[in-house]
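Please open the model in your viewer and keep the sequence panel beside it. The tour below moves from one selection to the next and says what is there at each stop.

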Amino acid sequence: MKYGLLLPNIKGNEIFTIIENLNSITQDSIDSVWLRDIPVALNEDKDEGNWYDPIILATILNRHLKNPDIFIGTAVINTLYRRKESVLRSAINLQYLCNNKFILGIGNGEKEGIYNILDADWNDKYKYMRNYLEYFSKIKIDTVNRRLINQLENQSFFSIPSNVSLPLIYLATSNRKVITQYKNHIHGILTWMKSPKDLSSLQKSLSPYNIKISNVINIMFTHENKIYYKEINGLTYIVTNHSNIHSIVDSYDKVGINRLIFNVYKNDYNFLKKLKEQSYD
């Protein structure tokens with residue numbers, strides 16, 4: 001199983017402290033780092049927004065991370081209010097800069113209050129993500145005759161090389177109808193705090209399409225030798241100690257999950273050393 005880190009809300013110069021922490025982690029402990037989108041509205045979205053735009057953050061990380069093999073991904077770009085043309089342009093740039101190791105995670109937003117603020121219809125929430133996917137799939141198919149690519153260049157004053165490499169696309173959804181409809185154009189899906197039991201059924205349904213599942217888990221480490229759940233600032237965390245982390249990981253590994261992405265309370269990354277040690281037992 002692969003491991004990733006969902007970076008915390010980042011403000012000002014905090015990014016350089018986080019980069020130092022990431023560079024201090026053993027090179028092969030993680031395969032990816034993931035960035036949140038900026039908040040749409042502070043009161044509604046304060047739990048998952050960055051001071052920095054994730055596109056800018058990805059560029060900074062790519063420049064300063066010592067490990068060139070780490071994937072940099074967005075978890076996730078909110079398709080509700082971002083133009084698909086500008087997102088694609090930025091994603092292609094990042095795919096080039098990151099040596100084909102950029103993952104574009106997209107989602108439709110799960111907070112109904114955000115839709116109300118933006119005067120959008122909550123019942124149409126999948127429409128926005130579908131618009132992105134339709135556009136990306138056309139661009140992917142069109143890389144030969146370049147008609148749509150030429151149109152994109154004319155609209156955005158952006159030149160796309162003939163050997164254009166589109167980013168890896170991950171969907172933040174467990175909606176099987178949406179996933180199977182676009183199965184030929186996506187590389188994986190992102191889920192949040194799904195149990196191994198829930199993911200087992202989803203994994204079996206996706207196995208014919210070779211679509212990988214990356215599941216985000218919120219985790220908090222204490223000295224207590226037990227595993228339980230706790231609400232912190234509106235988020236549900238799994239609370240445990242470092243010694244128990246392997247049992248949590250094993251429960252997901254057994255159902256075939258490709259990657260666990262850890263959203264770690266107060267950035268306590270010491271558990272990764274424990275995971276690596278156990279991987280060699």
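What follows is a walk through the structure, beginning with the whole chain and ending at single residues.

**Before you select anything**

This is a predicted model, in which local features need pLDDT of at least 70 and side-chain atom pairs count only at pLDDT 80 or more, while totals for chains, interfaces and linings use all residues. Residues are numbered from 1 along each chain as its sequence is written, and side-chain values use heavy atoms, with hydrogens and water left out.

**The whole chain**

Show the protein as a cartoon, where the secondary structure comes to 11 helices and 11 strands; helices (H or I, at least four residues) and strands (E, at least two) are DSSP runs, numbered from the N terminus. Of the 281 residues, 50% count as buried, where buried means under 20% relative accessible area, exposed means over 50%, and partly exposed lies in between, with a 1.4 Å probe and protein chains only. Among the contacts with a separation of 6 or more, 67% are accounted for by residues 24 or more positions apart, a contact being heavy atoms within 4.5 Å.

**The second largest pocket**

Next, select Pro 8, Asn 9, Arg 36, Tyr 237 and Lys 266, which lie nearest the centre of the second largest pocket, among the 17 residues that line it. The elements that give two or more residues to this lining are helix H1 (14-24), strand S10 (235-240) and strand S11 (259-264), and H1 gives the most, with four residues. On a 1 Å grid over the protein atoms alone, a pocket is an open set of points with protein on both sides within 12 Å along at least five of seven lines, a cavity is a set of points where a 1.4 Å probe fits but cannot get out, and lining residues have an atom within 4 Å of a point. About 370 Å³ of space lies in this second largest pocket, a volume being the space filled by probe spheres set on the points, which are joined across faces, edges and corners. By class, the lining has seven nonpolar, six polar and four charged residues; Ala, Val, Leu, Ile, Met, Phe, Trp, Tyr, Cys and Pro count as nonpolar, Asp, Glu, Lys and Arg as charged, and the others, Gly among them, as polar.

Stay with Lys 266, which lies in the loop between S11 and helix H11 (271-279). Its phi is near 55°, a positive value in a residue other than glycine, and Lys 266 counts as exposed because its relative accessibility is 69%.

Then step back into strand S11 to find Asn 263, which is buried, with a relative accessible area of 5%. Not counting residues up to four places away in sequence, Asn 263 touches Leu 6, Arg 36, Val 216, Ile 217, Asn 218, Ile 219, Leu 235 and Tyr 237. The C-alpha atoms of Asn 263 and Leu 7 are separated by 6.9 Å, although these residues are 256 apart along the chain.

**The cavity**

How many cavities of 30 Å³ or more does a search of the whole structure find? The search finds one, and about 60 Å³ of space lies in this largest cavity. To see its lining, select Leu 22, Asn 23, Ile 25, Thr 26, Gln 27, Ile 30, Leu 65, Lys 66, Asn 67 and Ile 70.

Within that selection, pick out Asn 23, which is found in helix H1 and is buried, with a relative accessible area of 19%. Leaving aside its neighbours within four places in sequence, Asn 23 is in contact with His 64, Leu 65 and Lys 66.

**Two helices side by side**

Now select helix H3 (residues 54-64) together with H4, which pack at an angle of about 10° with their axes 11 Å apart. That makes H3 roughly parallel to H4. In this contact, Ile 55, Ala 58, Thr 59 and Asn 62 in H3 meet Ser 90, Leu 94 and Leu 97 in H4.

**Last stops**

Go to Leu 80, in the loop between strand S4 (77-78) and helix H4 (84-97), which counts as buried at 12% relative accessibility. Leaving aside neighbours within four places in sequence, the residues in contact with Leu 80 are Asn 108, Ile 114, Tyr 115, Leu 118, Ala 120 and Tyr 128.

Finish at the peptide bond from Ala 75 to Val 76, which is cis, with omega near -5°; Val 76 lies in the loop between strand S3 (71-74) and S4.

How values were computed
Axes are lines fitted to C-alpha atoms, for helices over the stretch in contact, and angles run from 0 to 180 degrees between N-to-C directions. Angles under 35 degrees count as roughly parallel, over 145 as roughly antiparallel, 65 to 115 as roughly perpendicular and the rest as oblique.
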